[in-house]
Structures are given as C-alpha cells and as structure tokens.
Amino acid sequence: MKTLMIGRLFTALIFMHFLPSLAFSGDFKPVSKIELYKQLYGINSTKECKKNIDCRMLRRHIIRDNKNCQIGPRDVETTDQQINRTKDDQLKISGSMKFLGVYPAKYKYYLYNAQGAGPVLKARVFINNADEFSSNDLSRLRQKLATAAKTWTNGNTYNFKVKFDFDITTNSKEATVSVKLLRGSTRGPYFSKWSLNWSSTTIAHEMGHVMGLDDEYSNHPFGSSVKCKRSSLMCSSYGGRPQMYHYYLIFRRAFCYI
Ligand SMILES: [Zn+2]
C-alpha cells in the first residue's frame, strides 16, 4: 500500500514536471538573477542592477509577481515559434502581482497563434454596468482599446513579433478583467473602475496592469526618492511607452513551470 502511494506521488511529480511541455515544446530553464541582468543589460551584479532604472524595475516586478521565474531572455525570444495553441485552445496565463507592492491583484490574459498571422496576446474587458451606456459610448471605448493594443504591438522592442488584441466582451467568462465604467473621472484601480474619458494611452497603461505589470512610480509608504522613467508607460499613463522589460515580464510567464 505504502509503495503504491509513493509510486502515485512519484508519477504525479513527473506529470507536474512535464506539464508545461504540453504548451511549449523544448526545454526552457530558469536563469539566475545575475545571468538575467547580464543577458538583458550587460550588468554583472545586483548592486549595479539597482543603479540602472530599467534593471531595477525589472527586478522589482519579478519580486512582486507570484510567477517569479526568470526564464532566459533568449528563450523568451522564441515565443513566436513556440506558441502552438489555436484560438479555440488558447493558453491562459494568470497569476497575481503585488499591486503597489502590497495588494495581491490578479492578472489574466491569453496567448494563441493565429494561422499565418503569428502569435496574439488577447485580453478582454467586461463592463459590469454596460447597460447604462449607449452603443456609441461603448464603441468609443472599443476604439481606444484598439489604439492601446496598437501601442503595445508597435512599441515592441523585444526580438520577437506578437500582436496585441484588446476589446470589450459581453461574456464574463471570457473576461480578463471586470470593471464598472464611469462617465466622470476615476483613477481606478484597474480591476475595479474605469472612466469613459480615459485616453488610449491611459488605457494602454491599465492594460499593462491587466497583463500583470505594476505601477513604477514611487509607492513607499513613508515616501521615497525612488523615481521612475517618465518615458515608461507603467511610470506615466499620460505619455509613456512600453519598455523592453515589460515584454520580457509578460511573455516569460508562458515558459514558467508554475
Ligand atoms: Zn497604474
């Protein structure tokens, strides 16, 4: 009996170990933090990483993510060749990020390979109170989501191609985030309240949260002199752009063994 149980446990462990290969072929191994800094930024120590704003943000994001594996950046570069899921069998990626370093906020998005058009990252917004808005209002929001998706598609400086597809959904099961839409202004949070007046850049920033990225501005409870880069979309939701490490953080999760 005992042998049987140990045998079953062993089988379960083996199955768990090989499960990710159902999504991806190949053998993807995590790298050490230092190796990651080296490959992405040519940096050789944590001390040096903390002095480099991009490296520091990358490090902070990984620490706050429950999927904290560090897959080699060159493996992540093969994303476009590795996604072997169809639209009907899309890969769901979900987890939680310590939003503002504290609140464990959930993220969720899908990956699949569109025949002939390459890999797609899909995220859908469900509006809890959609019946309070006209179809014109909702199509304005859809248009801004499409522009936000283009910001992410065109801003990709990582060495692989992927298309971002953001839209509203009326199917709550398909939703990657469910929110209440307001006519007036709101600062969110992204998983609770959205404003109809947000710009497409602000929506691109909020979709960054939906894809598991944290705010980069200082959020130390006692105030801190840590500044973020105004040109980064997760630092500034008014004029920032996606950064290379954002793509690494989002796509590396598809290779994580958790
Ligand atoms: Zn934010």
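Helices (H or I, at least four residues) and strands (E, at least two) are DSSP runs, numbered from the N terminus. The model shown is predicted: local features need pLDDT of at least 70 and side-chain atom pairs count only at pLDDT 80 or more, while totals for chains, interfaces and linings use all residues. Residues are numbered from 1 along each chain as its sequence is written.

**View 1**
A105 counts as buried because it has 20 C-beta neighbours inside 10 Å (buried: 20 or more other C-beta atoms within 10 Å of the residue's own; exposed: 12 or fewer; partly exposed: in between; C-beta atoms are placed from the backbone). Leaving aside neighbours within four places in sequence, A105 is in contact with S96, M97, F99 and F191 (contact: C-beta atoms, placed from the backbone, within 7 Å). D65 stands 40 residues from A105 along the chain, and the two C-alpha atoms are separated by 9.8 Å.

**View 2**
Q90 is located in the loop between α6 and β1 (91-99). Its 17 C-beta neighbours inside 10 Å are why Q90 counts as partly exposed. Residues up to four places away in sequence aside, Q90 touches R85, Y110, L111, Y112 and K122.

**View 2. The packing of helix α7 against helix α8.**
Helix α7 (residues 135-154) packs with α8 at an angle of about 65 degrees, and the two axes are 8 Å apart (axes are lines fitted to C-alpha atoms, for helices over the stretch in contact, and angles run from 0 to 180 degrees between N-to-C directions). α7 and α8 are therefore roughly perpendicular to each other (roughly parallel: under 35 degrees; roughly antiparallel: over 145; roughly perpendicular: 65 to 115; oblique: the rest). On the α7 side, K144, L145, T147, A148, T151 and W152 take part, and they meet S200, I203, A204 and M207 of α8.

Helix α8 (residues 200-210) has nine of its eleven residues buried, so it is largely enclosed by the rest of the structure. The buried residues in α8 are T202, I203, A204, H205, E206, M207, G208, H209 and V210. Not counting residues up to four places away in sequence, V210 touches Y107, Y109, A123, T176, V177 and Y190. After α8 comes G212, which has a positive phi, near 80 degrees.

Which residues have the most contacts inside the largest nonpolar core? They are A148, M207, V210, M211 and Y248, in a core of 55 residues (nonpolar core: a set of buried Ala, Val, Leu, Ile, Met, Phe, Trp, Tyr and Cys residues joined through C-beta atoms within 7 Å). Helix α9 (residues 244-252) supplies the largest share of this core, six residues. Because eight of the nine residues of α9 are buried, the helix is largely enclosed by the rest of the structure. Those buried are Y245, H246, Y247, Y248, L249, I250, F251 and R252. Their cover includes α2 (33-41), α4 (53-64), α5 (73-76), α6 (79-82) and α8.

**View 3. The segment after α9, around C256.**
C256 is placed in the segment after α9. C256 counts as partly exposed because it has 18 C-beta neighbours inside 10 Å. Apart from residues up to four places away in sequence, C256 touches K67, C69 and I71. C69 is 187 residues from C256 in sequence, yet the two are 5.9 Å apart in space, C-alpha to C-alpha.

**View 4. The peptide bond between G188 and P189.**
The bond from G188 to P189 is cis, and its omega is near 5 degrees. P189 belongs to the loop between β5 (177-182) and β6 (193-195).

**Context for the views: the protein chain.**
Nine helices and six strands make up the secondary structure of the protein chain. Of its 258 residues, 34% count as buried. Among contacts in the protein chain with a separation of 6 or more, 62% join residues 24 or more positions apart.
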